[in-house]
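Visitor: I am new to this structure and would be grateful for a close look at a single part of it. Please take one residue as the point of departure.

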Amino acid sequence: MAINTTKALLRTGDDFKQSLRDGRVVWYAGERIEDVTTHPATAGGIDRIAELFDLQHDPAHRDVMTYEREDGQRVTRAWQLPRSHEDLDAKRRMGELSSIKTLGMFGRQFDNIAWTMLGLGAYEHLFTADNPELAGNIGRYIRYAQDNNLIIGGIVADPQGARAKEKWSIGERVPLEHHGEVDRLPPLLRVVEQRSDGIVVAGAKIVGTVIPQANELIILTQPGVSPEESFWCAIPAASEGLHIVLRQSLAPGASGHAHPLASRGEEQDCLIILDNVFVPMDRVFSLGNPALPMEYGDIGAGEHWSTLIRMCVKAELLVALAQLVIDSVGTARVAKVREQVADLVLYAQVQRSLVQSAQDYFITTESGVAWPQVDYVTAGRVYGVENYGKMIGVLRELSGQGPLMLFSKADFTHPQLGPLLSQVTEGFDMVSEAKNTLMGLVWDITSDSFGMRVDYFERLNGYPLFFLKERLFGEYDRVANVEFLARFLELDVEQLARPARVLAATRKPALG
Ligand SMILES: Cc1cc2nc3c(=O)[nH]c(=O)nc-3n(C[C@H](O)[C@H](O)[C@H](O)COP(=O)(O)OP(=O)(O)OC[C@H]3O[C@@H](n4cnc5c(N)ncnc54)[C@H](O)[C@@H]3O)c2cc1C
């Protein structure tokens, strides 16, 4: 890992774009993308990240986006390991600023996956207990990421076909329809060679958001795998043998007039194929420890808190959007409509409270890191995810015909049609083109394929809802109240409180 020794540790947007022209192998629709910063499938999303890099240099936002490290260097706040409530507060404000710039619709905002890696730092003692040498790499990587102002993606999920792993074996040859017989590449990622200086890994992982638009990626493995399939590491997106395969683009060439959000680009999701990729040992954080994913509930609390912060920002913007919608439609005085907006307000307020509670009731981990309280984080995620679809439905309903009946700039400026159209489509107290743009935003968020992908993201990015609820079941400490009830009923406290105590002592929520 090259440590940046220059004094300027903060990149500009242009520096960031330049860093992505690194020879990475990215595939889209059967073609290799030469430059992700200019290709329509990736460029818009990169521009949005680049804007956040520029904010680091803007005096108005510098103190939110960056901080002065103990050695006097100003570095990105995304990679700051929080040590106090004050640090968490500062990081929350950074999450809010970077989320609001994309209206909360980019799930892996500036610092989201940095939080995942910081989670390894917060729980470094768990890694040290297993392998102190590899655990030492965690702090070094965080420092390297600070020094190089890195954006990283993270990937945990496996291709669904990996469920059939009993059907394949390493070393076999397989016949393929268009390509004849080839060496079998395992769909489930695994270590195929272990050397003194690193490991060689082969296989695949899937749905890695932002990876094609990021500098590096962290790879984590899931529970229930064998030791060979279990390793946590970070690699550059330009690693030799790494293929980044994009899904279909959902925001190409959308008109800015009718699609004010989707036209600004999207974060891409990808499949990664690792065709015998060498990972140097100083980039490996854990090796052959299948028990580690069971600790992810705690390790991932920071990432999930950052997701909750973003969802909270989005919920507050949804309230504002709903207000603009009802003002433009002229329904603000209708009681039923006001009740629906109140539902949106409640959605925002509950998440805001849980964001704050997770911060205020933070814990200090054994590794000395101030960490959001996982109970509140998970409760917030469950509430946010469970109600997201309903809230999007409310916004759609409040808007009525509006989001569907969108017209183009060419319609509005046409000498014959324009004057007619402008008169009959104007909003209540709002000119027609403004109403068109407003409803275009509602369409992008609620109904466009861009918005539908975000809906998928909210439901699945941290594992499906039932997983989160399973975690909530395990994380919530009810021992004191169980004991109180047993005493209140004059029953045997020791006997009745035993299951709750066992649950509290184990507290090992699964990955997700
Ligand atoms: C837009 C988007 C972005 C994402 N970004 C990332 C990312 O950046 N990094 C990353 O690692 N992952 C990411 N994910 C992947 C996400 O982690 C997975 O989609 C999620 O874990 C579900 O796994 P799966 O898709 O393989 O579904 P499967 O495991 O195949 O499950 C499909 C469905 O089957 C049901 N099911 C499966 N198992 C059970 C069970 N035990 N009990 C009950 N029902 C069950 C559920 O209904 C589930 O939704 C992203 C996903 C989406 C949609």
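Which residues does Leu395 touch, not counting residues up to four places away in sequence?

Guide: The model shown here is a predicted one. In it, Leu395 touches Leu318, Leu321, Ala322, Val442, Ile445 and Thr446, when residues up to four places away in sequence are not counted. Leu395 also belongs to the largest nonpolar core, which has 133 residues. Together with Met117, Ile152 and Leu217, Leu395 is among the residues with the most contacts inside that core. Helix H9, spanning residues 301-329, supplies the largest share of this core, namely 14 residues. In soluble globular proteins, nonpolar side chains tend to be buried together.

The strands may be described next. An open sheet is formed by 6 strands in the order S2-S1-S12-S13-S9-S8, and its pairing is mixed. Strand S2 (31-32) and S8 stand at the edges with a single partner strand each, so one side of each is left without a neighbour in the sheet.

Terms used. Residues numbered from 1 in each chain as written. Predicted model: local features only at pLDDT ≥ 70, side-chain atom pairs only at ≥ 80, totals over all residues. Core = buried A, V, L, I, M, F, W, Y, C linked by C-beta atoms within 7 Å. Buried ≥ 20, exposed ≤ 12 C-beta atoms within 10 Å, placed from the backbone. Helix = DSSP H or I, 4+ residues; strand = E, 2+ residues; numbered from the N terminus. Contact = placed C-beta atoms within 7 Å. Pairing = 2+ DSSP bridges.
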